[in-house]
Amino acid sequence: MITQVVIVFIVLLFIVLSLYFEWTGPSFTFLIGVSVLAISGILTPKEIMAGFANEQIAVILLLLLIGDVIRKSSAIEKFFDWVFRSCHSYKSFVFRMTLVVSTMSAFFNNTPLVAIMMPYVDSWSRRNNVSSSKLLIPLSYAAILGGCATLIGTSTNLIVNGLLSEQTILPGLAPLEMFDFSLVGVPMIVVGIIYLVFFSRRLLPDKKDAMADFNHSNRDYLLQAVVNEGSPLVGKRLEDDRLQNLRGLYMVEIVRGDKHLSAISPQTQIMTDDQLTFAGDTETIASLITQSDSGLTFPGAEGLLARKYTQVIEIVISHNSTLIGKTVLEANFRMKFDAAVIAVHRNGERITGQITYEKLKAGDALLLYAGQNFVRLSRNTQDFFLITQVIENRKISSFKSVIMFVGLIASILLSVFRIVPLFTSLLFLLVGMNIMGICSPKDIYKSLDLNLAMIISLALALGVAMTKTGVATMIAQSIITLFMPLGVLGLLFGIYLVTSLMANLITNKAAVALVFPIVLTISKNLHIPPEPLVLLVAFASAANFMTPIGYQTNLMVYGPGGYSFKDFTKIGFPLTFLYLIVTVIVLYFTYF
């Protein structure tokens with residue numbers, strides 16, 4: 001048994017150090033650690049595989065799938081554009097985002113909120129030339145802060161309440177009420193929002209998605225558009241903060257009648273029928289094209305814009321292409337491939353004049369706005385190579401959009417009131433969305449994040465190993481015993497620290513299960529009120545900010561944000577300390 005304890009401690013140390021110093025990727029780190037536990041006989045194959053059948057992991061994957069479908073439908077963009085319409089700076093966006101998300105997560109499951117909000121945050125960051133790594137951790141933290149404020153805000157609070165109703169150590173102890181958590185939760189929402197608004201940009205890294213860097217290589221494309229009559233851009237100056245649609249794009253030229261304006265000042269006003277030439281990367285241009293309220297027309301793509309299904313695709317002209325020497329107009333992409341050329345990139349060469357009349361060369365990279373027949377029509381062509389699909393956009397009717405959002409809200413409410421399990425209702429919703437044509441079966445396997453499932457499943461297996469060998473109980477009891485001589489206030493600090501440590505290293509559910517019986521025993525032996533100790537365990541286990549593995553929303557933003565383990569520690573440690581101080585002080589003066 002002693003040998004097994006030593007092995008678990010070594011594995012735990014390896015996992016923490018590997019994640020912190022990024023020796024290997026997160027999923028492979030856990031795979032190595034769990035493999036050692038399996039070889040040493042501490043974990044059985046059944047215990048390792050049990051995590052992959054965990055309902056909560058399946059729920060997270062379903063929520064991510066549904067969130068991806070909503071993102072591709074563009075319906076969520078319209079709602080969030082309305083909410084965040086006036087946010088043009090980093091601080092204003094972080095403030096409104098954290099306020100909205102924390103308020104909503106107090107009453108709805110925070111995992112779907114993060115899953116749905118992530119694509120919009122990424123889109124806003126690209127439009128406003130802000131790295132998404134500056135925003136995704138604040139998004140996760142806002143969901144955690146709000147979830148801690150009510151009984152139903154997070155599954156951890158519900159688990160604590162369930163344990164409370166089933167415990168036998170203190171007979172007759174009443175369950176917690178809905179807003180018992182608000183005494184600490186609401187002040188911490190305020191403190192957390194202030195902290196994130198003023199310190200997150202300084203503490204968070206400025207990173208780009210590695211795959212995006214690999215695929216796009218920072219290529220600047222030239223895009224031409226015509227300003228429609230009644231466009232919101234008409235009369236605006238380029239320096240105007242309200243030109244949110246043009247963020248991240250560089251204005252190369254304006255053609256106004258017979259005039260070519262190439263020396264463009266920030267005071268230049270945009271007028272009806274102006275032909276604008278932009279320079280920008282693939283993601284920024286794709287985002288502009290798919291916005292329905294830009295007030296711009298893109299020559300050659302007019303008919304495609306009304307299609308129910310469209311995609312922005314990046315291609316490169318091959319060296320033996322029959323398109324070489326032809327103009328974009330003569331190439332006739334519309335007829336041959338159900339696509340329109342919307343932007344051109346020619347490395348090291350300035351393109352002037354209208355893109356339509358530009359002669360194509362080998363190695364030219366083109367952005368295509370394509371319909372659903374593009375894949376079939378281009379399957380056997382030797383004229384170009386597909387680099388990547390930049391963005392996919394599905395236009396669905398208002399009725400289907402309402403059904404989609406009402407279905408998601410209904411799924412969450414049915415789960416909150418324990419009428420139907422969240423997994424069952426989400427599975428039913430996903431099937432219904434396929435039947436109604438909102439998404440297709442191929443979207444499921446394309447959007448399935450198996451890497452995330454592996455990380456969470458193996459983390460659960462690690463928690464099982466710590467419980468079986470007694471390592472978790474050993475750590476918990478040692479730290480709590482250390483703080484007992486410091487009195488009630490010191491004891492509260494000790495309970496919070498041990499619970500938070502356990503939750504950040506393993507899982508919050510495992511931490512609750514381990515520490516809960518200990519705090520009830522302490523309450524019974526020392527004759528102190530159990531309620532503040534129980535609430536303390538709930539807050540410390542749910543408010544996980546220091547590691548990506550501490551809470552599922554942290555794991556959800558871990559990869560997309562390009563974060564390292566220590567990024568969470570850097571910004572999460574001060575917030576954890578603030579939460580510790582507020583929680584202990586409020587509970588101490590309320591109950592003692």
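**Labels and their cut-offs**

Tutor: Among contacts in the protein chain between residues at least 6 apart in sequence, 79% join residues at least 24 apart. Contact here means heavy atoms within 4.5 Å. This is a predicted model, in which local features need pLDDT of at least 70 and side-chain atom pairs count only at pLDDT 80 or more, while totals for chains, interfaces and linings use all residues. Residues are numbered from 1 along each chain as its sequence is written, and side-chain values use heavy atoms, with hydrogens and water left out.

Student: How many helices and strands does the protein chain have?

Tutor: The protein chain has 25 helices and nine strands. Both are DSSP runs numbered from the N terminus: helices are H or I with at least four residues, strands are E with at least two.

Student: What share of the residues of the protein chain counts as buried?

Tutor: Of the 592 residues, 54% count as buried. Buried means under 20% relative accessible area, exposed means over 50%, and partly exposed is in between, with a 1.4 Å probe and protein chains only.

Student: Why does Pro-138 count as buried?

Tutor: Pro-138 has 0% relative accessibility, so it counts as buried. Pro-138 lies in helix H8. Leaving out residues up to four places away in sequence, Pro-138 touches Tyr-90, Met-97, Thr-98, Leu-196, Ser-200 and Leu-204.

Student: What are helix H6 and helix H10 to each other, roughly parallel or roughly antiparallel?

Tutor: Helix H6 (residues 90-105) and helix H10 (residues 182-203) pack at about 150°, and their axes are 9 Å apart. Axes are lines fitted to C-alpha atoms, for helices over the stretch in contact, and angles run from 0 to 180 degrees between N-to-C directions. Angles under 35 degrees count as roughly parallel, over 145 as roughly antiparallel, 65 to 115 as roughly perpendicular and the rest as oblique. H6 and H10 are therefore roughly antiparallel.

Student: Which residues of H6 and H10 meet?

Tutor: From H6 they are Tyr-90, Lys-91, Val-94, Phe-95, Thr-98, Leu-99 and Ser-102, and from H10 they are Ile-189, Ile-193, Leu-196, Val-197, Phe-198, Ser-200 and Arg-201. By class, the contact of H6 with H10 has nine nonpolar, three polar and two charged residues. Ala, Val, Leu, Ile, Met, Phe, Trp, Tyr, Cys and Pro count as nonpolar, Asp, Glu, Lys and Arg as charged, and the others, Gly among them, as polar.

Student: How do you know that the span of helix H9 agrees with its length?

Tutor: The expected span is 1.5 Å times one less than the number of residues. The 12 residues of H9 (residues 155-166) should therefore span 16 Å, and the end C-alpha atoms are 17 Å apart, which agrees.

Student: Which residues of H9 are buried, and what covers them?

Tutor: Ser-155, Thr-156, Asn-157, Val-160, Asn-161 and Leu-164 are the buried residues of H9. Their cover includes helix H8 (136-147), helix H22 (508-526) and H23.

Student: What makes H9 roughly parallel to H22?

Tutor: Their axes come within 10 Å and cross at roughly 25°. That makes H9 roughly parallel to H22. The contact joins Ser-155, Thr-156, Ile-159, Val-160, Leu-163 and Leu-164 of H9 to Asn-508, Lys-509, Val-512 and Phe-516 of H22.

Student: Why are H23 and H25 called roughly antiparallel?

Tutor: The axes of H23 (residues 530-542) and H25 (residues 565-591) come within 10 Å and cross at roughly 165°. H23 and H25 are therefore roughly antiparallel. The contact of H23 with H25 has eight nonpolar residues, one polar and one charged.

Student: What is the phi of His-527, and why is this residue called exposed?

Tutor: His-527 has a positive phi of about 55° although it is not a glycine. Most residues other than glycine have a negative phi. His-527 lies in the loop between H22 and H23. Its relative accessible area is 72%, so His-527 is exposed.

Student: Why does Met-178 count as partly exposed?

Tutor: Met-178 has 28% relative accessibility, so it counts as partly exposed. Met-178 lies in the loop between H9 and H10. Leaving aside neighbours within four places in sequence, Met-178 is in contact with Thr-150, Leu-151 and Ile-152.
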